[in-house]
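Subject: Structure handover

Hi,

Here is the structure I promised to pass on.

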Amino acid sequence: MTCAACGAVCDPAARFCQQCGARLVPDAPAMPAAPHDVAVTAAPGDRRVVTALFADLVNYVRMLAENDAEDVKRRVDAALAAMDTAVVRFGGTREKFIGDAIFAVFGHPAAHDDDALRAALCALAIRASLASLEVDGEEPLAVRIGIATGEVVAAPRGIAGSADVALTGPAVAIAARIQGLAGPGEILVDDATLRASRGRLVADDRGTRRVRGHPGPIRVHALRNGAAEPFAPGSRRLVGRLDARARLRSMLDVCRATGLGRVAVIVGDAGIGKSRLLADLEDDARAAAFRWTWVENASYATGEPYRFVRQFAQAVADDEGGDSGATARRLMFSEDLDPTAMRRIAGAIAAIAREAEFSGWEAEAPLAPTDPAEVALTIVEAARRYCVRLAELLGPRVIVIDDFHWTDRSSLPTLEELVALTPGLPFVVVFATRPTTLPAWLGTDDVMRLDLRGLTATETAELAAGVAGTALATAESRDLHARTRGNPLFVGETVRALLDDGSLALRDGRMKLVRPDRPASLPVTLRALLGARIDALSPAPRDVIRVASVIGSTFSAELVTELLGRSPGTTTFDALVDAALVVRLRARGSWGFAHPLIREAAYAGLLTSRRRALHGRLADLLDGQPGIGIGRVARHRTAAGDVDAALPLLEQAARDALALGATAEAAEFWRTAAGLVPVGDPRATAWRKAADAAVGAVTRRAGRARPPAKSGARRSGESR
């Protein structure tokens, strides 16, 4: 029996979950599928990737035995409040308090493309916050934390009168289990969480562990102290981007030769390689005697006032080996500065940089502005002087503003000032952002814009070979480029996923798919990344894109309307275009997914029950229509789980394909049919033999068609 609250596998005879204490409800009997002639409406719930976090106080039982219960409650309540504050700070959802523990989830009800990182940072913040709760004479509070990432079904409970949404999936149970394995003060994460953080976390491998209720061993890692690591490109060299690299390096050369600055903005989708391209610039910049300052904006910190300003000041101070306050004071305050202006600037900065050590300012009685507009203007004035003095005292510098689309609004006027000053300073300022509406001050002719697209097929093959350790076979490389469209992150994660599940292996000196009939699954990292983009939509376009994913890579508004049972309206499709998820096609009322993996992510978000119902309804709509091949109907019947209807269609589709010489497609239909019948069914044997014979005929025909080598042919390199 599975606990509907936390997903833990429980004893069938148990009345309460041994992990979270929730009352167990027997699994409901399977219900028959809905008839296909009923309009398919949006089923409640979806499938999504989340990161689950369990945090449990240490020695709670002993505390109760040795202390007054009222005192224990006071301390535990304070600890739970601190935990809850950390969850909210990083955009998670506190699902429940369980005695002296908290269960939180990142990715539901709203998903972010960095939920795994957010959960890890939340865990670190929880551990740090408990240390601040120490009181003289009381034993310090410690916590054990477990974090796991994976797919869950998020749907209302099947209990009359309950409006709760249950998250059911292995990730919830694994997080609870590995929390129990953690030592006092330890944060354990599973492999999926580490991978979904895309190299941003520092952790020590703790090996594999067996956990109750899970079929196989789980590899766990212990997070180290400190925050997440800044972006690091890894050891592999940058592939492609020759033109963009040359243009960025020319900016360095011009700035170095003239002392005049340049500004650039790099625009591209998530994973396209903006940060990787900028990291490649660092060695050239330092070799040319430029200092290097990289500030990364964070999605979970867009509401923190002046976060960029504080991060920039700290990055400069780190490079100089000091604290942000002392460095700022050395840069901005000099004898030529009017004492009143000095006090006004000091007061404004002190108001927004509470954690910085602005040594000695208190003695000078900073004159803090009281009007909010005056504070903002004074901060811009301080930023102007800071940048000018930074150039005067420390010389040429490259300033990278990564993930500009997540910059806090309070800092934007200071960035606008930086861009205005740069032409007269020895600075190269580079912004990296996802496709979005840029402010006017970044859209001028003086700002160089670089739009990054996907890698070419050749570059994709080169990158894949670097990830896999050797070159992919031609067919695999071609399919990889078609599936990923050359997005470097998508390429890398797809190849790693195929290597991990054994689908890709070395054969005859090349990496080949050893199980070509097995559909490639979408890696959890990409599910989270693309799922967050879909989750950001309002309900109507989100439902449309999921329904459209059942139809195919291209779809018509008419079919979507038929499947929904209502017209979604043109504004819904416009919203999908604006979100860069679909594109308009030339044919009126026709649309296509902007990227193949967007379709996969949308499809993966559908509940299986609704997915099957949609496929069945679509098969009904397509069956018998002019120009609709029997193979297309057969695929939808198969996906609907309608085996009786699918088998004759698959057989006919295989024969039709074979008659046209399309032997690969015929083999696919036969193998699909063989997979639908029980093991040992004689039909399966016959269909597999037919598939093998079709593939073998192609191989023999290709061999006969190849012209024999001429005995007198010149060797390579021989002169004519």
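Two strands count as paired if DSSP finds at least two bridges between them. Helices (H or I, at least four residues) and strands (E, at least two) are themselves DSSP runs, numbered from the N terminus. With that in hand, strand β17 (residues 582–584) and β18 run antiparallel and are joined by 3 bridges.

Before going further, some housekeeping. This is a predicted model, where local features need pLDDT of at least 70 and side-chain atom pairs count only at pLDDT 80 or more, while totals for chains, interfaces and linings use all residues. Residues are numbered from 1 along each chain as its sequence is written, and side-chain values use heavy atoms, with hydrogens and water left out.

**The whole chain**

The protein chain has 25 helices and 18 strands. Of its 720 residues, 48% count as buried, where buried means under 20% relative accessible area, exposed means over 50%, and partly exposed is in between (1.4 Å probe, protein chains only). Its accessible surface comes to about 34,700 Å², and carbon and sulfur atoms make up 53% of that; the areas come from the Shrake-Rupley method with a 1.4 Å probe, and for residues only the protein chains shown count as cover. As for contacts (heavy atoms within 4.5 Å), take those with a separation of 6 or more: 68% of them are between residues 24 or more positions apart.

**Around β18**

Rings of Phe, Tyr and Trp (its six-membered ring) pair if their centres lie within 6.5 Å; planes under 30 degrees apart count as stacked, over 60 as edge-to-face and the rest as tilted. That rule gives 10 aromatic pairs. F573 and W591 are a stacked pair, because their ring centres are 4.7 Å apart and their planes are at 10°. F573 lies in helix α19 (residues 570–578) and W591 in strand β18 (residues 590–593), so the pair ties together parts that are 18 residues apart in sequence. F573 counts as buried because its relative accessibility is 4%, and W591 is buried too, at 9%.

**Other ring features**

F308, F312 and Y386 form one aromatic cluster. Elsewhere, the charged end of R611 sits over the ring of Y603, 4.6 Å from its centre. For that call, NZ of Lys or CZ of Arg has to be within 6 Å of the ring centre and within 35 degrees of the ring normal.

Helix α17 (residues 539–551) reaches 19 Å from its first C-alpha to its last, close to the 18 Å expected for its 13 residues at 1.5 Å a residue; the expected span is 1.5 Å times one less than the number of residues. How many of the residues in α17 are buried? The count is 10 of 13, so the helix is mostly covered. Among them are P541, V544, R546 and I551. Just after α17, G552 takes a positive phi of about 150°.

E392 sits in helix α11 (residues 372–394). Is E392 buried or exposed? E392 is exposed, because its relative accessibility is 55%.

Most residues other than glycine have a negative phi, and most peptide bonds are trans. These are worth a look with that in mind:

- The peptide bond from H108 to P109 is cis, with omega near 5°. P109 is in the loop between β3 (101–106) and α3 (115–131).
- R241, not a glycine, has a positive phi of about 60°. It lies in the loop between β8 (218–223) and α6 (242–258), and it is buried, with a relative accessible area of 13%.
- R485 also has a positive phi, near 55°. It is found in the loop between α14 (474–484) and α15 (488–500), and counts as partly exposed at 42% relative accessibility.

Cheers
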